[in-house]
Amino acid sequence: MGQTATTSASKIDIPHTTWVDEAAKGDNQDGTDLRVSVGSAGAEEVSLLSFIIADPETLGIPSNAILNKVHIVLRRYDAGVSGDAITNMYFLNSDFTENQANWYGPDDETNTAVIWEPAFAGDSESSVNPGLLRGLYIDSQTTTTNETVTFEISNPLVLKTSLAFGSTVNIGLWGEPSAGSTNDAYFQDDSYSHVSNDYQPQYYVTYELPTPTPPKISIAPNADGVTGTIKIDSGSNSPDL
């Protein structure tokens, strides 16, 4: 493994975020702060985020960098709800359109046909079974009040899902069911400025610089038997050599 570094000093805004509400299935919630709630029966709230991992040039890192991890930075605030909240992040099994998604589906606000299933337990619809929106588990964080929290897509997950520079990342936030119906948290949206906090959801990456292969060098003796000629049989793959 080569040397690793991060772009944490130059975080990039996450441009697409919204949330869907089981208690208002047909409503698109874009433009309001993100909500995550286990809720009482029929009142679960799930947040959705999407972004494209920038290329090395945009990130300001070497062109031969390899994606190692992805870090998602969110700001929780306690207006409306307070106290400890356990929030789980998962990959989504679908993409979505920010200003159209609702509880029924990803990209038509007027739609009332069930296209996806946002409920953690997959039990919000009794007559159809479209498959869970919630995919692979990513990370879990506990927050208490106004604070910034970072979720991590680990290197094994980057490899498992074949993430790379230029990949689209679709992720969701669910409240931890075992924490009970009051396990609620609000997070800053990409387009909504709360009176006390104004923190755009952002991401940064950890990247790896591959260890360069050394050059192969041979020495051929000259006819005088004393001196020799140095020959580079194959060069290093390092851009600096």
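**Strands, patches and salt bridges in a predicted model**

Biologist: Is Ile230 buried or exposed, and what is its relative accessible area?

Modeller: Buried means under 20% relative accessible area, exposed over 50%, and partly exposed in between (1.4 Å probe, protein chains only). This is a predicted model, in which local features need pLDDT of at least 70 and side-chain atom pairs count only at pLDDT 80 or more, while totals for chains, interfaces and linings use all residues. Residues are numbered from 1 along each chain as its sequence is written, and side-chain values use heavy atoms, with hydrogens and water left out. Ile230 counts as exposed, because its relative accessible area is 62%.

Biologist: Which elements give two or more residues to the nonpolar patch?

Modeller: A patch is made of residues with over 30% relative accessible area and no salt bridge, with nonpolar side chains (Val, Leu, Ile, Met, Phe, Trp, Tyr) joined within 5 Å and like charges within 9 Å. Ile217, Ile219, Ile230 and Ile232 make a nonpolar surface patch of about 460 Å² (Shrake-Rupley method, 1.4 Å probe; for residues, only the protein chains shown count as cover). Helices (H or I, at least four residues) and strands (E, at least two) are DSSP runs, numbered from the N terminus. Two or more patch residues come from each of strand 13 (216–221) and strand 14 (228–234).

Biologist: Which residues gather in the patch of negative charge on the surface?

Modeller: Lys and Arg count as positive and Asp and Glu as negative, while His and the chain ends are not counted; a charge is placed at NZ of Lys, CZ of Arg, CG of Asp or CD of Glu. One member, Asp27, sits in the loop between strand 3 (16–21) and strand 4 (34–37) and is partly exposed at 40%. The patch gathers Asp27, Asp95, Asp107, Asp108 and Glu109.

Biologist: How many residues of strand 5 (residues 45–52) are buried?

Modeller: Strands pair if DSSP finds at least two bridges between them. Strand 5 runs antiparallel to strand 3, with six bridges, and antiparallel to strand 10, also with six bridges. Strand 5 is largely enclosed by the rest of the structure, so the buried residues number seven of the eight.

Biologist: Which residue in strand 10 (residues 168–175) stands opposite Asn88?

Modeller: Strand 7 (residues 85–92) is mostly covered, with seven of its eight residues buried. Seven bridges join strand 7 to the antiparallel strand 8 (residues 134–143), where the bridge partner of Asn88 is Ser140. Strand 7 also pairs with strand 10 in the antiparallel sense, over five bridges. The residue opposite Asn88 in strand 10 is Trp174.

Biologist: How many residues apart are Glu125 and Lys25?

Modeller: A salt bridge is a side-chain nitrogen of Lys or Arg within 4 Å of a carboxyl oxygen of Asp or Glu, and the whole structure holds three. The side chains of Glu125 and Lys25 form one of them, at 2.9 Å from N to O. Glu125 lies in the loop between strand 7 and strand 8 and Lys25 in the loop between strand 3 and strand 4, so the pair links distant parts of the chain, with a separation in residues of 100.

Biologist: What is the relative accessibility of Glu45, the salt-bridge partner of Arg35?

Modeller: The closest N and O atoms of Arg35 and Glu45 are 4.0 Å apart. Arg35 is in strand 4 and Glu45 in strand 5. Arg35 counts as partly exposed at 29%, whereas Glu45 counts as buried because its relative accessibility is 12%.
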